[in-house]
Amino acid sequence: MKRIFLSPPYVGAAERKAIAAAFDSKYVAPCGPMVDAFERRLAARAGRRQAVVVASGTAALDLAMAEYGVDRRWTVIAPTLTFIATVGPAYHRGAKLVFVDSDETGNIDVARLARALADAKGPTMVIAVDLYGRCCDYDAIDALCRRHGAVFVSDAAEAVGATYNGRPAGSAGACAIYSFNGNKIITTSGGGALLTDDDALAARARKRSQQAREAAVWYEHREVGYNYRLSNLLAALGLAQLGRLGKILDKRRRIAAAYGADGCLPPVAGENHWLTVKLLADTAARDAALARLAAANIEARPVWKPLHLQPVFRRCRVYGGAVAEDLFARGLCLPSGTGMTKADVARVKKVLSAEGAR
Ligand SMILES: Cc1ncc(COP(=O)(O)O)c(C=O)c1O
């Protein structure tokens, strides 16, 4: 029986044509007209002045860390329920990581975040995540960061196309980031973007992403940069994907509707339905469902393992943690790829119902 993947890339003739055109233009290097066009289109879509496209969402986060000079003097506060990439760049710079529990939507618990900010010493950054394409409470987080003089970075890696009170994901914080990894809503096979309204910040990030070369004929450097720029070929792929984002979101919405909201994480207005998360009765039921799905050649995954439970972060402070632990214990991410058919969803539901999922 055909394998159903969690969230495979959704690419076809439009993407093939765009890549071929970029190839034929001979702009096969990291810079080129498609990179510039992709940046303009992304910035417009995110309601931002600037987008800097790079090789991954992680690289975009690293450029945000470089901009603020995050190092061991810094405290970086992040939700515990997220992918490790949210905090990877801050970890590598030696920042003190502090984790915060989820609320019932899975996103960062704002009351606990307030406590973490009140306790934080020295320069502080909050990296807030739009979990599974569901925007966190931008206004509340922004107000808290302003009150405490903390930098707000919005990790919208999973949230391309989602909205918060009508505003696009990617529009919050001093900087926001997107990911275009192969499993995301739109893909450049690997890629990401840094979004900001600060022209000077974007110029610095763009420069750092290209080895921080000064404007000279020879190679002149006042600082050491990175090689993070996205290739022109991949930007062409991204542009083609972005052109189809509306249709992709419609398809995702229909897939989520076919699963139904019953027994799932509570809906969040404006979500992009990147992944549908089913909550099973307990861990035994989750594991049984996972095994049955695997036997039926269907890919599913537990919800992110909270970062405060990861061995590498065992010494980090966590504010709360029980809600995220419960979501990890019972939550299952269901296949939600844009290319799924009604029959595919029905196949997944049939296997799940045999498990007695709620
Ligand atoms: C929440 C979150 N942050 C950051 C990233 C990093 O993005 P990338 O894989 O493009 O480096 C991802 C995805 O992989 C993610 O899910």
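Predicted model: local features only at pLDDT ≥ 70, side-chain atom pairs only at ≥ 80, totals over all residues.
The largest nonpolar core comprises 117 residues. Within this core, the residues with the most contacts are V54, V76, I177, A193 and L194. Helix α8, which spans residues 232-243, contributes the most to the core, with eight residues. Because domain 1 (13-243) and domain 2 (245-353) both supply residues to this core, the core lies between the two domains. The surroundings of A193 can be listed in detail. When residues up to four places away in sequence are not counted, A193 touches L42, A51, V52, V53, V54, A60, I177 and Y178. Two of these, V54 and I177, are also named among the core residues with the most contacts.

Strand β3 (residues 96-100) is mostly covered, with four of its five residues buried. Pairing was found between β3 and two other strands. With strand β2 (residues 75-79), β3 pairs in the parallel sense over five bridges. One of the residue pairs here is T75 with K96, the latter lying in β3. With strand β12 (residues 317-319), β3 is joined by three bridges, and these two strands also run parallel. In this case V100 has Y319 of β12 as its bridge partner.

A separate arrangement is an open sheet of three strands in the order β10-β13-β11, paired in the antiparallel sense. Strands β10 (276-279) and β11 (301-302) stand at the edges; each has a single partner strand, so one side of each is left without a neighbour in the sheet. Strand β11 is joined to β13 (residues 331-334) by two bridges, and the two run antiparallel. Across this pairing, P302 stands opposite L332 in β13.

For N165 the angle is about 45°, and for H273 it is about 55°. Both are found in loops: N165 between β6 (163-164) and β7 (167-168), H273 between α9 (245-259) and β10. Their surroundings were then considered. N165 has 10 C-beta neighbours inside 10 Å and therefore counts as exposed, since the limit for that class is 12 or fewer. H273 has 25 C-beta neighbours inside 10 Å and therefore counts as buried, the limit for burial being 20 or more.

Y10 is located in the segment before α1 (13-24). With 19 other C-beta atoms within 10 Å, Y10 is partly exposed, because burial requires 20 or more. Apart from its neighbours within four places in sequence, Y10 is in contact with I248, G337, T338 and G339. The C-alpha atoms of Y10 and A294 are separated by 22 Å, and these two residues are 284 residues apart along the chain.

Terms used:
Residues numbered from 1 in each chain as written. Pairing = 2+ DSSP bridges. Core = buried A, V, L, I, M, F, W, Y, C linked by C-beta atoms within 7 Å. Domains from an automatic or database assignment. Contact = placed C-beta atoms within 7 Å.
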